[in-house]
Amino acid sequence: MQSTGSPQIVNDQLDGLFKLYPISISSTYLLVLVNCYALWSVVPTVHIVLWLSVATVVSIYRYSLFAIRTRNSTRLSPERWLIHNDVTSALSGMYWGYGLLYLVPPDSIAHMLIFVIAVTGLVSGASSSLSLSPRSFLLYMISCLMPMSILLYGMSDDYGWLLFGLCYFYIYFMWQTCLTIGENARLGIVQTVSLRQQKEELIASGRLLDLHFMGSPLGLIDWDEDLKIKRWNPAAASIFGYPESEILNQKPDFLLTDNAGRDYFKILRQGKQALANTVNSRKRDGGAVSCEWASTPLEDGSGTLLGYTSFVTDISKRLEHEQQITHQAFYDAVTDLPNRRYFYERLRQEMSRVQRGPNHSAVLFIDLDHFKNINDSLGHALGDELLKQFAMRLQNRLRQHEVLARLGGDEFVLLLEELDPDLDKSQAIAGQVAKALQTLIQEPFVLENNPYTLTCSIGITLFDKTDFNESEILKQADLALYRSKHRGRNCYSFFEQEMSEQALRHLILLNNVREAIGSEEFSLVFQPQVDIHTAELKGAETLLRWNNSELGRVSPAEFIPILESSTLIVEVGHWVLDHSFEQLKEWQLAALWHEPMRLAINISPRQLLDPDFIEQVTALLNKHELSPSLIEFEITENVLVQDVEKVGVILDKFASMGISFSIDDFGTGYSSLSYLKQLPIDVLKIDKSFIDHCTSEGNDQVIVRSILSICTELGLTSVAEGVETEEQQKKLQAMGCDLLQGYLYSRPVRADELSIMLSN
Ligand code: C2E
Ligand code: CA
Ligand code: CA
């Protein structure tokens, strides 16, 4: 036996060897008994008993081996088992060999024959029973046949050699037989073992596949060739909710909800190749589920279709997550309304649609009035809550073809699609919507049990086939909104073309003028005021000039209102004061300027009311070491009516310092004359619009005359502004005006030019 084979083969060979022990032990023992019986009368009993005892002991030994191995084949190592087998074989052979030499009487042919037949029979049996261990067989055969060969050799003088030779031929023959049988048996065992191994492997891999199938977190579905479900793993059961028992033999349609899914299986069938796609299905509880399917047709080597297999992953959560992200990108977090991005997209679509259809569409720009106040006083959380409620209330009233979005802050936009082919009608509809919307929000909103009333201003623009883009359309609505705010809020206005030009110019100027502060673009000019009778120079008015690199010279009539609409005027006003004072000081030092001449400086309402103004003026007077009596502030009537008491305090303060005041553009404002008595006013400047027509009889002349009489009455100095002709001058002289300012005498001039005039 080769103990070098695989452990299993060696083990199987040992099994083959020991399996035959019972039959060989019993047949051997039977032959022992037969011979004992035959020899009983011819051999002394002691010898027989002794031989029988040896044979019995060997048999017991052999049987014990068999019994032990049957119970536990691993009790000994394979090599040990073989050695025991060798020992028992040799012992068996020996008692048979000894028996022939010493037990059988050589002269009794019958006894001899019985014994020899038994021995040769046993040897030929052993050649097969011990074939798996040729070494044992050899030991057995030699130990029982060698004595026999000696015996045969001595039996006859003539044939001794022949018998001896025949005996060894027999030994050789048995040896070959044993080897051949052993080889075949071993081959058989090798095959059996490898077959058994293959079988075990197959079972193991099948079990593994089963484990995969059952334990996979992916839904796994096996279909037969007609696309009927054959197997369905627990993951598939948990995705779709059906246990395997309920789904067996079902076709795909059982799970599908839409045509896309049906198409998927149709293509899988036709295409005969692997196919992956997203498929929507229905679950057992009626809920929807979206899955990623990857399916493959299964074919054997010859191309015969055996069925299909599908891997299914539930991607509902992922899709939901993706939808959430998309939602966040296009919807406002506070109100859940579409956001700016969404609105632009929608507006773009609508604008390209109106190019083809007859109807107008409209955009309403909605802004909550004074929302900032609410936000500041209630806090942002409640502010947000208010926006939410506002949005919800509007949203609930939306009709088809209406899209409401939040642009940010308290700005909302409403897109009205498909209004009417007629512009006027469309405008009327949009106006109605705006009005309805304003009515809708009149009902108070409730925040923490407190009612809050809201109003909103709306700007509307209409469009049909237009060359504008989305942001221009929104800009138009925004400009219209701007107008609504100007009209006092809580109203709606329509966009008009000239609005945009004005507003654009306004924006450009605002941006540029902001940058001009602190640059060299501003400068001052001075327009002389002279005695209307003697033409003697009595003073001058400072006028601001702005020369912008891009816009060129911009009239103060245009940019001053823009500065006044923001706090920029305070900064610029300060600059004007500083430079005027500086210039005045220069003239004073050059002895060109002296009392009672005054330099008039225009002061805007915002500037005058600025809490720091008095302090600033005082500081500048100190800085330039100027006497306040050289200064006159020009203010307009409008500022006086804003807050008479407050203005009165400021004016009194300056008056007590010695600064004079003149009312600019007198006659164009509110003209409530009572303030003239209360306030420290020194000069009235008659507006140019009255001077223009003062020469001809009429209203303007009447107004000029009455202003002049007020001046006489109250002891005020009168200045006629914008005097351009001698005729005007003569008329004003005749009516008793004091001073003249206008092109007739001089345009506003640079400081150096005025210096020349002053020195003459
Ligand atoms: P205003 O105070 O009424 O200034 C008089 C305006 O009439 C000046 O225009 C002046 O150039 C112009 N004017 C004077 N005489 C004549 C004339 O005979 N014919 C005509 N056609 N016009 C004459 P300007 O300089 O364009 O100033 C316009 C307005 O800008 C001023 O009106 C004033 O309200 C404002 N402004 C100018 N400079 C300042 C400033 O430094 N501060 C403030 N707050 N406003 C200023
Ligand atoms: Ca003025
Ligand atoms: Ca004026």
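Reader: Where do aspartate 692 and lysine 688 lie, and how many residues apart are they?
Author: Both are in helix H25 (residues 688–692), four residues apart, which is about one turn of the helix. The model is a predicted one.

Reader: What makes the contact between aspartate 692 and lysine 688 a salt bridge?
Author: The cut-off is a side-chain nitrogen of Lys or Arg within 4 Å of a carboxyl oxygen of Asp or Glu. Here the closest N and O atoms are 3.3 Å apart, so the pair of aspartate 692 and lysine 688 qualifies as a salt bridge.

Reader: Why are aspartate 692 and lysine 688 called partly exposed?
Author: Partly exposed is the range between buried, under 20% relative accessible area, and exposed, over 50%. Aspartate 692 has 30% and lysine 688 has 32%, so each is partly exposed.

Reader: How many salt bridges does a search of the whole structure find?
Author: The search finds 30. One of them joins the side chains of glutamate 246 and arginine 284, at 2.8 Å from N to O.

Reader: Why is it said that the pair of glutamate 246 and arginine 284 ties parts together?
Author: Glutamate 246 belongs to helix H9 (residues 244–247), while arginine 284 sits in the loop between strand E3 (275–282) and strand E4 (288–299). These places are 38 residues apart in sequence, so the pair ties them together. Glutamate 246 is partly exposed at 35%, and arginine 284 is partly exposed at 47%.

Reader: What is the distance between the closest N and O atoms of arginine 318 and glutamate 292?
Author: They are 4.0 Å apart, and the pair forms a salt bridge. This pair links distant parts of the chain: arginine 318 is in helix H11 (residues 316–330) and glutamate 292 in strand E4, 26 residues apart. Arginine 318, at 44% relative accessibility, is partly exposed, and glutamate 292, at 26%, is partly exposed as well.

Reader: Are aspartate 664 and glutamate 721 buried or exposed, and how do you know?
Author: Buried means under 20%. Aspartate 664 is at 8% and glutamate 721 at 12%, so both count as buried.

Reader: What does aspartate 664 bridge?
Author: Aspartate 664 bridges the calcium ion (ligand 3) and the calcium ion (ligand 2), and the two ions lie 4.0 Å apart. The calcium ion (ligand 2) is coordinated by Glu541 (OE), Asn602 (OD1), Glu634 (OE) and Asp664 (OD), at 2.1 to 2.5 Å. The donor residues of this ion are spaced E-x60-N-x31-E-x29-D. Among them, asparagine 602 in strand E16 (residues 598–602) and glutamate 634 in strand E17 (residues 631–636) are 32 residues apart.

Reader: Why is strand E20 said to be largely enclosed by the rest of the structure?
Author: Four of the five residues of strand E20 (residues 717–721) are buried, so the strand is largely enclosed.

Reader: Which strands pair with E20, and in which sense?
Author: Strand E19 (residues 683–686) pairs with E20 in the parallel sense over four bridges, with leucine 684 bridged to serine 718. Strand E21 (residues 739–741) also pairs with E20 in the parallel sense, over three bridges. At least two bridges are needed, so both count as pairs. E20, helix H27 (residues 726–735) and E21 make a right-handed β-α-β unit.

Reader: Why is tyrosine 102 called exposed?
Author: Its relative accessibility is 55%, and exposed means over 50%, so tyrosine 102 counts as exposed. Together with Leu50, Tyr98, Leu101 and Ile150, Tyr102 makes a nonpolar surface patch of about 510 Å². Helix H4 (residues 78–103), where tyrosine 102 has its place, gives the most to the patch, with three residues.

Note on methods. Residues are numbered from 1 along each chain as its sequence is written. Chains are lettered from A and ligands numbered from 1 in the order in which they are written. This is a predicted model: local features need pLDDT of at least 70, side-chain atom pairs count only at pLDDT 80 or more; totals for chains, interfaces and linings use all residues. Side-chain values use heavy atoms; hydrogens and water are left out. Buried means under 20% relative accessible area, exposed over 50%, partly exposed in between (1.4 Å probe, protein chains only). A crossover is right-handed if, with the strands pointing away from the viewer, the path from the first strand over the helix to the second runs clockwise. Patches are made of residues with over 30% relative accessible area and no salt bridge: like charges are joined within 9 Å, nonpolar side chains (Val, Leu, Ile, Met, Phe, Trp, Tyr) within 5 Å. Accessible areas come from the Shrake-Rupley method with a 1.4 Å probe; for residues, only the protein chains shown count as cover. Donors are N, O and S atoms within 2.8 Å of the metal (3.2 Å for Na, K and Ca); water is not among the atoms, so sites may look incomplete.
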